[in-house]
Amino acid sequence: MEDTGVKVASAVGKLPPQGNPLVSHKFGADPYALVYGDRVYLYMTNDVLEYNADGSVKDNTYGNINQIGVISSDDLANWTDHGVIAAAGPSGAARWATQSWAPAIAHKAMDGKDKFFLYFANNASGIGVLEGDSPTGPWKDPIGKALILRSTPGVEDVTWLFDPAVFVDDDGKAYIYFGGGVPEGKDEMPNTARVMELGDDMTSVVGEAKVIPAPFMFEDAGINKHNGTYYYTYCSNFYDGVRPEGSPPAGEIAYMTSDNPLGPWTYRGTILKNPGYFFGVGGNNHHVIFRFKDAWYIAYHAQTLSQAMGVAQGYRSTHLNQLTFREADPSIQEITADYKGVPQIITFNPYNRVEAATIAWQSGIATEAAASGGMAVTDIDSGDWIALSKVDFGSKGASAFTATLSDAGAASVIELRLDAADGKLVGKLQVPAAAAELAEYRTEVSGAEGVHDLYLVFKGEPETKLFKLYDWQFSE
């Protein structure tokens, strides 16, 4: 350990070695997963703090959310921030929409090329679709209007026309699931969940929406297929009266099964209690189930980061835990949500170029879109840091470290430390005060062998923003 006299900041919300919430430098709600190539991408409602006139944080109104956040990982421990998709609003791809909530995504090969279709809710009044050529876009609005409105056959009586889920079956047919809300006096069977077939173009719907008779339905559609069985999942409502035996309790993720994507459906039970049960802070429950590298996972949100910040007022963060299908019958084992998260499935390679906004844990930083593409780590003060989990330097070890940065406000240093923010020092990258332009800097490294957590600790003049960091890489 080496004491440089600079106080290193503490992590908030996500503490090493915990895996949940997945990121702590921003919020992200209503997660939906796309597995593509060797990565899983998570798309999230982009919760952002709202403020009162006196500067205090106010409750999340959801009314200003017109962007969708995206993160991805190939190891489920280190997450790359891809920034936000401008989905709705005057600067969004879908200018007819005012909000973008609860995204869902699917990809499909068309004319020999993979196309990506991102669905979102325009508040609770309709569902839109964007089209892209990659999981991160760029995105366009292929139809210039909502995909599903109250004029769509079969949805006239849906209270909340939102929370889509999409599924492309083995035969190439695609389906969209959506809906929610509780009509007056219909808590036990709201009949507000729907399923429709999508057109081959993924940007149209076919026929009439069918009712999914989900007991105590509230919101949050999910759809999966396992061993030939279709699983429809949803969040139960918060009715506070007596529920018949076998009904889902309030605010839990429930599931139904069928041998057909359109039903009929059989209610099975619940698999995930409300976040309040696990974390002491409740709210709605929203999830997605996905398979990645031969294992199944469930992503869901909870107000853990905002609670740690002292502003548990509707601002949510995505968590990840493993999910198990029982082999004896078409049932799912109940999930225990926690801060621990899931195991890292592969070690991290530091000898490839690493986008700086790839982070397991952090303290104090922010991210922003870089003019050169990708994301930069910004808002760096002395004592801030980012860390990566289980970095494999190999038996030979690293000999050098390079980083690309700009906007240096003063002379500063990036300390390279192992296993803790005050752990073994293996290198120091000096950043000159004149480093205003985008440039690459290099330093020698010694003592970085084997597998360790890696900390990039930023130190410099107090009360000064140090620099913007774009990418980094070790060499052997």
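# A tour from pocket to core

Begin at strand β19, which gives the most to the lining of the largest pocket, with five residues. The model is predicted: local features require pLDDT of at least 70, side-chain atom pairs count only at pLDDT 80 or more, and totals for chains, interfaces and linings use all residues. Residues are numbered from 1 along each chain as its sequence is written, and side-chain values use heavy atoms, with hydrogens and water left out.

## First stop: the pockets

A pocket here is defined on a 1 Å grid over the protein atoms alone, as an open set of points where a 1.4 Å probe fits, with protein on both sides within 12 Å along at least five of seven lines; its lining residues have an atom within 4 Å of a point. Grid points are joined across faces, edges and corners, and a volume is the space filled by probe spheres set on the points.

The largest pocket has a volume of about 620 Å³. Select Ala33, Val35, Val166, Phe167 and Asn224, which are the closest to its centre among the 22 lining residues. Then colour β1 (29–36), β7 (101–110), β11 (165–168), β15 (217–226) and β19 (287–292), the elements that give two or more residues to this lining. Strands are DSSP runs of E with at least two residues, helices are runs of H or I with at least four, and both are numbered from the N terminus. By class, the lining of the largest pocket divides into 14 nonpolar, five polar and three charged residues. In this division, Ala, Val, Leu, Ile, Met, Phe, Trp, Tyr, Cys and Pro count as nonpolar, Asp, Glu, Lys and Arg as charged, and the others, Gly among them, as polar.

Of its 25 lining residues, His25, Lys26, Phe27, Ala366 and Thr367 lie nearest the centre. At least two lining residues come from each of β6 (79–86), α2 and β25 (366–369), and β6 gives the most, with four residues. This lining divides into 13 nonpolar, nine polar and three charged residues.

## Second stop: the cavity

A cavity, in contrast to an open pocket, is a set of points from which the probe cannot get out. The structure holds one cavity of 30 Å³ or more. Select Lys14, Leu22, Val23, Ser24, His25, Ile359, Ala360, Trp361 and Gln362 to display its lining. Five of these residues are nonpolar, three polar and one charged.

## Third stop: the nonpolar cores

A nonpolar core is a set of buried Ala, Val, Leu, Ile, Met, Phe, Trp, Tyr and Cys residues joined through side-chain atoms within 4.5 Å. Buried means under 20% relative accessible area, exposed over 50%, and partly exposed in between (1.4 Å probe, protein chains only).

Which of the 70 residues in the largest nonpolar core touch the most other members? They are Tyr119, Ile176, Tyr177, Tyr232 and Phe290. Centre the view on Tyr177; beyond its neighbours within four places in sequence, its contacts (heavy atoms within 4.5 Å) include Phe167, Arg194, Ile212, Tyr232 and Trp265. A second, separate core of 35 residues includes Tyr351, Leu418, Leu466 and Phe474.

The structure holds 16 salt bridges, each a side-chain nitrogen of Lys or Arg within 4 Å of a carboxyl oxygen of Asp or Glu.

Select Arg316 and Asp47, whose closest N and O atoms are 2.9 Å apart. Arg316 lies in the loop between α2 (304–309) and β21 (317–323) and Asp47 in the loop between β2 (39–45) and β3 (50–51), so the pair ties together parts 269 residues apart in sequence. Arg316 is buried at 6% relative accessible area, and Asp47 is buried at 2%.

Now compare Arg291 with Asp294, a salt bridge of 3.8 Å, N to O. Arg291 is partly exposed at 46%, whereas Asp294 is exposed at 69%.

Continue to Glu415 and Lys459, which meet in a salt bridge of 3.0 Å. Glu415 belongs to β29 (residues 412–418) and Lys459 to β32 (residues 451–460), 44 residues apart. Both are buried, Glu415 at 1% and Lys459 at 7%. Elsewhere, salt bridges that share partners join Lys113, Lys115, Glu131 and Asp133 into one network.

## Last stop: serine 412

Finish at Ser412, in strand β29, which is buried at 6% relative accessible area. Not counting residues up to four places away in sequence, Ser412 touches Leu429, Gln430, Val431, Lys459, Gly460, Leu466 and Phe467.
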